[in-house]
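Thank you all for coming.

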Amino acid sequence: MTTLAAATKRLLSRLHDPTVAVDAEFIVAPTSMEEAAEILGAATAVGQAVAFYGAGTHRQIGNPVDADLVITTTAMNRIIDYQPDDLTVAVEAGVTLGELEAALTDRNLTAVLPETEPNATVGGVVAAGRSGYRRLRYGPTRDRILQATAATGYGKVVTGGSPVVKASTGYGMPRLLTGSFGTLGLIGPVLLKLWSQPRALATVVVDDAEVARNVAYRPLAVLGTGGNARVYLGGTMEEVDAQVEAIGGRSSDGLDWPEPHDPPLRLSFRIPARFVDEAVVAARDLDATDWVAQYGVGIVEAGYDRITSDGFSAARAWAESVGGTLVVEASPNDLRRKLGAWGSPPDSVELQREVKDRFDPAGICNPGILPGGI
Amino acid sequence: MGCQVRLPNLRAQGSQVRYAARMARAVDELTALLGDDRVRDHPLDQHLFAKDAGLRRGGAPIVVFPESSDEVAAVVKIARAHRMPIVARGAGTGLAGGAVPQQGSLLVVLTRMNRIFEIDEVGRTAWVGPGVVNLDLSEAIADRGLHFAPDPSSQSACTIGGNVATNAGGPHCLAEGSTVAHILGVELVTADGSTVVLGGAAPDTPGYDLRGVIVGSEGTLGIVTKVLVRLTENHLDAATLLMAFDAIEDAARTVSDVIGAGLVPAALEMMDNPMCVAVENFVHAGYPTDAAAVLLADVLGHPAGTAASIDLLNDIAIANGATSVRVATDESERALLWKGRKSAFGAIAQAAPDYYLNDTVVPRTRIVEVIAKTYEIAERHDISLMNVFHAGDGNLHPLVSFDASEPGMTERVVAAAREMVTVAVAAGGTLSGEHGIGFEKRELMSSVFSAEDLDAQARLREAFDPGGVLNPEKILPDGARCFDWGTG
């Protein structure tokens, strides 16, 4: 056993010693996936729960986790391999979206990650399965993760996917890891597919988002907010100009994304796209202070100062009745415990448990954060 | 590590008798469930369904044709009771042996589950049966201004279920993404015969993305009995460019420069001279027979935007020595050019009775060198090589036409194909872009994955199918993890 693993094990064992009043979190910052795997292997050996931390952007999503050891990715923050001519980039988990996008500007490329979370880390975005508004045009983040490495709960470094933009070679491990919230292990370096930024970009303010979506040809996003509805366009100058004229309304150059809020409570309706208008009504009925509705995608994120549990339950029941979910994306832990972070577990929860057991046999990786207490 | 898959010992005579009795009971039970005409065990059926479009032949004593999810679930339970491995199959157009039944398997043919259940025009989705033919789906929704984007060359025959199994591609996956980007949910009959829905029309289903895991899993994790597909809006304007080159390197460099310029056309295909000649003889689409290589590019989009892309493609091609650039905007001319591309595998029948189509992917910056090495390998093995491939995403398809009746020929072809895979992997590429691993490349998996990587994949498989009864001997090499074959 290496020194690091031995030290980790020693520290962890102290947590279980009733004579030592240790009431602290250990935070470790491995510099490689091999180190992370050793730490996880040691934690598995003693059955100690581990949580993962990037920038903390998504720390309030999911069931609260009790863990005494936190592994942070801050010491793994390199852009490993940037291949602009192949439209790919490999990055470590701790790289922030802002840093990554800055590195891609030399060739006018983008990784199409969440537009309003520049401080979030790539690892955090992958773990939480977050996508940006431009998913309407480019698809969700998970479709652009070509290859991913993880340090598993059982203490090994594994890589899945392929180092190229298209593959049907083995199981879709990157797809399994995306959105897994660290419950299978620490997500490490990922290879991302890039897109070229359109030459011209415009934001058009419209009256009716759904009408505008049908007039617009392949918009980047169509958003409804508390203030107005907007269509986001990208393409050649001629194409964007022609579209702005066809759609009508007030336009400005560039992409004017909604100002991110930090409300005490944020809910996310994830529903089939045809129910977006109904979800907006449901969100407003709960007295939302602000909201962003993604037309054509099926997500309405809404902020609240307070909420009634009856109103919340009714909204969640509606979302689930149309085949969706109502997810608590930000709240104090006690409120999230009370409301339930996710709602009813999915149909496949037993199958999911089988998967979890094989990658995290001791159940130490972010235990319970997912639906069904996985 | 290193454990062996345990196969039933059919050599012992007593065991053979018991095996025959077990098969007879299985046929009886399946017939009671599905009726006479949907359970086949005649030697002719056994022969017909023993292979896919690749070279390898297997053997299934029983072939069944369920028509509903419930029937599939019941079939799985019967197979389990009689300890038969289960192999699902669509149209059998696969080339990697993914649907070739291992000896003793129950083959579940899903082509009769070909209903389109519901179409949501606003949400742009549809629930369809796995047996729906790829092109039939796009034709059924054409009047709504929508289509299903994955378009494998076999699209007039291959099924959506098969597309899901192999994460199928096609020329237009360059801009639209492979099948996985177009599958929102699946209904799955699992190894124990229960039914579960994964994913759905709502985005980001909480929990693991098992939908995403199912796509490309080649029938080893469950049998997909319904598919929720994402539909793509049709483009407003289209043009197809046919660019001719005197040297294949010029064409390959054009591809690299196009991608390097950040331009991702809807499709960007390459065909070498022997392929152009074969296609031209076959469809008379006006392919230049004197060019060393041609590139076929599709520019789809908004009418105000396509002109700029056409100009850029044209400029890059000319800068790389293109000898001619033909731009087709007329729909019938475009259709003819694409017919040429999609008939490639039919066209080569003129050259020889058999063909072996390889499928590898390389980084787009390495196409030139890998193609050159591919020709060297063919020359060294004295085999006839043609190239027709999805150049835009680096997905190579070296195509060998040959006569399998010539002694030693098949072995030579397979040996050359292995070398071509090795060259692609050495250039930072991978084993398959769209055909899958199946049986064909499972032993090559360790050339791109470490033992730990393979073990992780085996763990995932085991979570779905702890008994290893679903399409065993596919994807993962022996010894990736210890499966307890045929139990339960």
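Let me begin where two chains meet: in this predicted model, Asp86(A) forms a salt bridge with Arg364(B), and the closest N and O atoms of the two are 2.7 Å apart. Asp86(A) sits in the loop between strands E4 (79–83) and E5 (88–91) of chain A, while Arg364(B) belongs to the loop between strand E17 (360–361) and helix H13 (367–380) of chain B, so this pair joins two chains. Both partners, Asp86(A) and Arg364(B), are buried.

Because Arg130(A) lies in the loop between helices H4 (122–128) and H5 (135–138), and Glu329(A) in strand E18 (residues 325–330), the pair ties together parts that are 199 residues apart in sequence. Arg130(A) and Glu329(A) are likewise buried.

In chain B, Arg144(B) forms a salt bridge with Glu121(B), with 3.1 Å between the closest N and O atoms. Here Arg144(B) counts as partly exposed, at 35% relative accessibility, and Glu121(B) is partly exposed too, at 41%.

How many salt bridges are there over all chains? The count comes to 39.

Finally, there is a patch of negative charge on the surface, where Asp207(A), Asp208(A), Asp277(A) and Glu278(A) gather. Of these, Asp208(A) is found in the loop between strand E11 (200–206) and helix H7 (209–215) of chain A, and at 39% relative accessibility it counts as partly exposed.

Technical notes. Residues numbered from 1 in each chain as written. Chains lettered and ligands numbered in written order. Predicted model: local features only at pLDDT ≥ 70, side-chain atom pairs only at ≥ 80, totals over all residues. Heavy atoms only, no water. Patch = residues over 30% accessible without salt bridge, like charges linked within 9 Å, V, L, I, M, F, W, Y side chains within 5 Å. Areas by Shrake-Rupley, 256 points an atom, 1.4 Å probe, with all protein chains shown as cover. Salt bridge = Lys/Arg side-chain N within 4 Å of Asp/Glu carboxyl O. Lys, Arg positive; Asp, Glu negative; His and termini not counted. Charge placed at Lys NZ, Arg CZ, Asp CG, Glu CD. Helix = DSSP H or I, 4+ residues; strand = E, 2+ residues; numbered from the N terminus. Buried < 20%, exposed > 50% of the residue type's maximum accessible area, 1.4 Å probe, protein only.
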